[in-house]
Amino acid sequence: PQKGIEEKLPILCFHMSPRSSDEYLEVLPLLASSGEASIDENDEYSSINGRVVIAFDIPGYGASENPPRSCTVDEISDAILMAADSILLSSEEKRNNEEEDEKNCSRNYITVGSLLGNFFCVSLASRYPERIKAVILTNPWYNPDAITTDSLSFSESKVALEDTFTLKDDGSHLVDLHSKRSGWLDPELNLRVVASEIAYLTNRRVRYPMGINLPGANDYNFQTSMLKITENNAQRGENGDSITNFLYILGESCATLFDQYGLVGTKRFEEACNLLIPGDNDDDATTSNNNDNSIVVRVERLLGEKSTLNVVNQMPEEFAALCNKFLTDCGL
């Protein structure tokens with residue numbers, strides 16, 4: 001029998017900076033339907049084979065408030081995971097009208113990330129391999145010299161931070177925000193992106209004087225966490241336990257843009273993939289362990305002028321199709 005909505009693993013989405021959950025607006029229903037949605041005779045949306053898909057605004061972004069102190073990638077990841085567990089537990093309580101033991105409220109997940117959001121996905125997968133069954137990383141850029149900031153040093157910093165964003169009397173700061181992405185975004189999507197950035201900058205103007213910081217690309221060692229995931233997968237495979245499958249989605253135009261800004265996007269994206277696939281990688285690569293418990297690591301590329309850092313919004317159908325096929329192939 002086909003899996004119903006209660007059986008398929010939920011998807012937890014992490015947005016890039018300085019976006020919000022709006023980054024997944026178009027993709028959410030496509031992932032929820034698993035590509036199998038239909039319209040019934042009453043013109044109503046039907047998704048009997050779907051799954052739950054959750055996208056939060058990370059603290060300090062979108063409609064989420066600033067945290068009371070500086071937080072690390074691991075701390076934010078854990079907070080989002082706990083919130084997702086709470087949402088799913090509440091839903092089941094409403095359906096079943098019964099209490100559930102706290103020990104049973106921990107769910108397994110598939111995580112989806114984009115740029116900075118990738119760090120949260122990797123953080124969870126490296127520390128909770130038994131709970132994260134698949135990870136989908138979009139445009140996986142990282143700083144190879146980054147050092148993961150520990151919780152104590154990050155939270156104890158109370159020194160006011162300098163905010164480089166300047167408000168201008170003529171409102172031209174808003175024009176500047178729009179102009180940053182007008183080369184690849186249509187006006188409607190650009191308006192949404194600017195709205196997300198304004199929310200982020202507004203929150204930042206509140207927390208910076210209090211010395212409250214949020215992690216960025218220089219505050220998380222992506223390579224170390226990926227090595228831990230590799231070690232976890234090898235050990236779990238030897239024990240016959242489930243492993244964490246990976247899908248990389250690389251946007252051609254995003255890599256090119258990063259190259260233009262000196263961020264070596266093309267090189268860094270490929271290096272990110274090679275952390276799990278040593279040597280040259282194919283568009284569809286699978287590595288296996290000796291116990292026939294296959295570790296699926298797939299690399300897909302989206303091409304064309306819309307394959308930008310905003311590819312999730314600009315190519316939602318193509319993006320969702322890659323995700324859904326990957327999850328189906330992994331039996332998820």
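Among contacts (heavy atoms within 4.5 Å) in the protein chain between residues at least 6 apart in sequence, 73% join residues at least 24 apart. The model is predicted: local features need pLDDT of at least 70, side-chain atom pairs count only at pLDDT 80 or more, and totals for chains, interfaces and linings use all residues. Residues are numbered from 1 along each chain as its sequence is written, and side-chain values use heavy atoms, with hydrogens and water left out.

**Exercise 1. The whole chain**

Task: State how many helices and strands the protein chain has, and what share of its residues is buried.

Solution. 
- Step 1. Take the elements from DSSP runs: helices are H or I with at least four residues, strands are E with at least two, and both are numbered from the N terminus. The chain has eleven helices and nine strands.
- Step 2. Apply the burial cut-offs: buried is under 20% relative accessible area, exposed is over 50%, and partly exposed is in between (1.4 Å probe, protein chains only). Of the 332 residues, 50% count as buried.

**Exercise 2. Strand 7**

Task: Find the strands that pair with strand 7, and decide whether its faces are covered or open.

Solution. 
- Step 1. Two strands pair if DSSP finds at least two bridges between them. Strand 6 (residues 132-138) is joined to strand 7 by five bridges, and the two run parallel. Here Val-135 stands opposite Phe-246.
- Step 2. Strand 9 (residues 295-302) also runs parallel to strand 7, with six bridges between them.
- Step 3. Check each face. Asn-245, Leu-247, Ile-249 and Gly-251 are buried on one side, and Phe-246, Tyr-248 and Leu-250 are buried on the other. Seven of the seven residues in strand 7 (245-251) are buried.

**Exercise 3. An aromatic cluster**

Task: Describe the pair formed by Phe-119 and Phe-222, and place it in its cluster.

Solution. 
- Step 1. Rings of Phe, Tyr and Trp (its six-membered ring) pair if their centres lie within 6.5 Å; planes under 30 degrees apart are stacked, over 60 edge-to-face, and the rest tilted. The structure holds eight aromatic pairs.
- Step 2. Phe-119 and Phe-222 are 6.1 Å apart, centre to centre, with 45 degrees between the planes, a tilted pair.
- Step 3. Phe-119 is in helix 3 (residues 116-127) and Phe-222 in helix 7 (residues 222-238), so the pair ties together parts 103 residues apart in sequence.
- Step 4. Phe-119 is buried at a relative accessible area of 1%. Phe-222 is also buried, at 1%.
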